[in-house]
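Hi,

Here is the structure I promised you.

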Amino acid sequence: MKKIIALGGSNSKNSINKTLAVYVAKQIENTETLTIDLNDFDIPLYGIDIETIDGIPSEAIRLSELFNQADGFVVSLAEHNGSYAAAFKSVFDWLSRINSQVWNNKPMLLMATSTGARGGIGVLQIAKERFPRMGANLIVDFSLPSFYDNFSGNDISNNELKKDLTDKINKFKIEI
Ligand SMILES: Cc1cc2nc3c(=O)[nH]c(=O)nc-3n(C[C@H](O)[C@H](O)[C@H](O)COP(=O)(O)O)c2cc1C
């Protein structure tokens, strides 16, 4: 069975982005979801000095190997001050040192959600520009604004947003 990685770009224990990524990945029939929680990987903050002295952390290699096994990615990014959350950025930097094509040319459904009305469009824009240059076959993207107003009972409560996302999930399914 094909494997989809569901990844929240955050280290929050109760990450709304992880919730959204898993919610979407579970809708892709006949695939297995592998949920990645960044807290499950003991990886130090990226720095060239630590890399030179200690090499690549084994936990980063473990995560990179999981990425290699994926047939597609459903990613939802947390936005911190208009950009990637530090925890995600550090892991992403380590992964790029192992394989510059981090996303292995596999299909990606890319999202962001936040507690605010802009729905993480800043970080989404940054990733839309960057990820395809690092191996993402970006199929569709989606931003969910004001998460707690628009998501409840493990579903999107706003019909218009739900329809938009469902159409995008259907486009992604064709590529998997
Ligand atoms: C340091 C920090 C910076 C933040 N910056 C933004 C921001 O630029 N835009 C935004 O919409 N929300 C921002 N937020 C609120 C996040 O959207 C909110 O914490 C959200 O839950 C993060 O996603 P997560 O639950 O997946 O970690 C920020 C939160 C923190 C702690």
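**What I found**

Of the 176 residues of the protein chain, 36% count as buried. Keep in mind that this is a predicted model. The chain has seven helices and nine strands. Its radius of gyration is 16 Å, close to the 16 Å that the globule rule gives for 176 residues, so the chain is as compact as a globular protein of that length. The C-alpha trace spans about 50 × 35 × 25 Å along its principal axes. Among contacts with a separation of 6 or more, 74% come from residues 24 or more positions apart.

Now to the ligand. It is surrounded by 16 residues, and the closest are Ser10, Ser12, Ser15, Asn17 and Ser114. Two elements, α1 (16-25) and β4 (79-80), each give two or more residues to that shell. By class, the shell has 12 polar, two nonpolar and two charged residues.

I then went through those elements. Helix α1 is largely enclosed by the rest of the structure, because seven of its 10 residues are buried. These are Ile16, Asn17, Lys18, Leu20, Ala21, Val24 and Ala25.

In strand β4 you'll find Glu79. Take Val123: 44 residues separate it from Glu79 in sequence, yet the two are 5.6 Å apart in space, C-alpha to C-alpha.

Cheers

Terms used: Residues numbered from 1 in each chain as written. Predicted model: local features only at pLDDT ≥ 70, side-chain atom pairs only at ≥ 80, totals over all residues. Near = placed C-beta within 6 Å. Helix = DSSP H or I, 4+ residues; strand = E, 2+ residues; numbered from the N terminus. Nonpolar A, V, L, I, M, F, W, Y, C, P; charged D, E, K, R; others polar. Buried ≥ 20, exposed ≤ 12 C-beta atoms within 10 Å, placed from the backbone. Rg over C-alpha atoms; globule rule 2.2 N^0.38 Å. Contact = placed C-beta atoms within 7 Å.
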